[in-house]
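I opened the model today and kept notes as I went. The entries follow the order in which I looked things up.

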Amino acid sequence: MNDNISLRLFDEIEREPRISQRVLADRLGIAVGLVNSYIKRLYQKGYIKLTSLPRNRLKYIITPTGFAEKARLTYDYIRLSITYYRDRRQRIERTYASMIAKGINNVLLWGDGEIAELCYISTRGLPINIVGVIDYKKDKKIENDFFGHHVFSIDDCNSIGYDAVLVTSVEDETGKNPARFNIDIDKIYYL
């Protein structure tokens with residue numbers, strides 16, 4: 001049983017006890033059959049109780065044991081998140097140290113997610129200047145900004161002056177083939 005799905009189920013049930021399994025499936029982005037399987041397991045372990053309502057509906061009630069399990073899952077999630085971000089921060093610091101040693105000052109961030117935010121925050125006090133952010137999912141220049149920096153499309157790469165590109169997205173497969181975008185491979189850094 002996936003702890004993340006269980007935790008999200010607890011959250012949804014606590015928020016809306018009369019929720020249908022179809023709505024749960026939509027909110028969690030999983031199949032209705034999988035929701036049903038998780039509900040059965042939570043019930044069998046004594047984490048939730050089921051009460052029948054008119055028109056074949058159910059009401060889910062989280063038991064005291066269920067609240068304890070939810071607290072444990074929440075603690076584990078927070079602990080893993082902190083460990084993940086600590087690891088990412090250390091990778092960012094090592095990458096920036098390598099860049100500084102090579103005389104790199106102007107960095108273009110490849111990706112605009114949470115890791116990019118950590119990369120931006122980590123430049124404080126360093127001789128690293130973020131010159132822009134590439135959103136590889138968009139075809140055109142985007143009108144919004146990222147901490148005061150423009151968010152550009154891949155097509156804009158060659159019009160931005162930079163010493164290096166830092167790939168900040170862990171899910172981005174396009175960043176693994178930088179030659180495809182006419183970016184010098186020696187200028188690419190990965191976390």
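**Entry 1: ground rules**

I am working from a predicted model, in which local features need pLDDT of at least 70, side-chain atom pairs count only at pLDDT 80 or more, and totals for chains, interfaces and linings use all residues. I number residues from 1 along each chain as its sequence is written, and side-chain values use heavy atoms, with hydrogens and water left out.

**Entry 2: the chain as a whole**

I looked up the secondary structure. The protein chain has five helices and eight strands. I take these from DSSP runs numbered from the N terminus, with helices being H or I of at least four residues and strands being E of at least two. Read from the N terminus, the order is α-α-α-β-β-α-β-α-β-β-β-β-β.

Next I checked burial. The chain holds 191 residues, and 39% of them count as buried. My cut-offs: buried is under 20% relative accessible area, exposed is over 50%, and partly exposed is in between (1.4 Å probe, protein chains only).

Two packed helices are described by the angle between their axes and the distance between the axes. I use axes fitted as lines to C-alpha atoms, for helices over the stretch in contact, with angles from 0 to 180 degrees between N-to-C directions.

I began with H1 (residues 3-15) and H2 (residues 21-28). Their axes are 11 Å apart, at an angle of about 125 degrees. The pair is therefore oblique. The classes I apply are roughly parallel under 35 degrees, roughly antiparallel over 145, roughly perpendicular from 65 to 115, and oblique for the rest. H1 passes H2 in a right-handed crossing.

Then I turned to H1 and H4. Here the angle is about 125 degrees and the axes lie 10 Å apart. H1 and H4 are therefore oblique to each other too. The crossing of H1 past H4 is left-handed. For handedness, I call a crossing left-handed if the near helix is turned anticlockwise from the far one by less than a right angle, and right-handed if clockwise.

Leu28 lies in helix H2. Leu28 is buried, at 8% relative accessible area.

**Entry 3: salt bridges**

How many salt bridges does the whole structure hold? My search finds ten. I count a side-chain nitrogen of Lys or Arg within 4 Å of a carboxyl oxygen of Asp or Glu.

I listed some of those in H4:

- Arg79 and Asp76 meet at 3.5 Å, N to O. They are three residues apart in helix H4, about one helical turn. Arg79 is partly exposed at 38%, whereas Asp76 is buried at 17%.
- Asp87 pairs with Arg91, with the closest N and O atoms 3.3 Å apart. The two are four residues apart in helix H4, again about one helical turn. Asp87 is partly exposed at 29%, and Arg91 is partly exposed at 28%.
- Glu93 meets Arg89 at 3.3 Å, N to O. Both lie in helix H4, four residues apart, about one turn of the helix. Glu93 is partly exposed at 44%, and Arg89 is partly exposed at 33%.

I also noted a network. Salt bridges link Glu12, Arg15, Glu16 and Arg27.

**Entry 4: a nonpolar patch**

I asked which residues make the nonpolar surface patch of about 300 Å². They are Tyr77, Ile78 and Ile82. Patch residues have over 30% relative accessible area and no salt bridge; like charges are joined within 9 Å, and nonpolar side chains (Val, Leu, Ile, Met, Phe, Trp, Tyr) within 5 Å. The areas come from the Shrake-Rupley method with a 1.4 Å probe, and for residues only the protein chains shown count as cover.

Ile78 sits in helix H4 (residues 64-101). Ile78 counts as partly exposed because its relative accessibility is 45%.

**Entry 5: a strand residue**

Last, I checked Phe152. Is Phe152 buried or exposed? At 12% relative accessibility, Phe152 counts as buried. Its place is in strand E6 (residues 149-152). The C-alpha atoms of Phe152 and Ile134 are separated by 4.8 Å, though the two are 18 residues apart along the chain.
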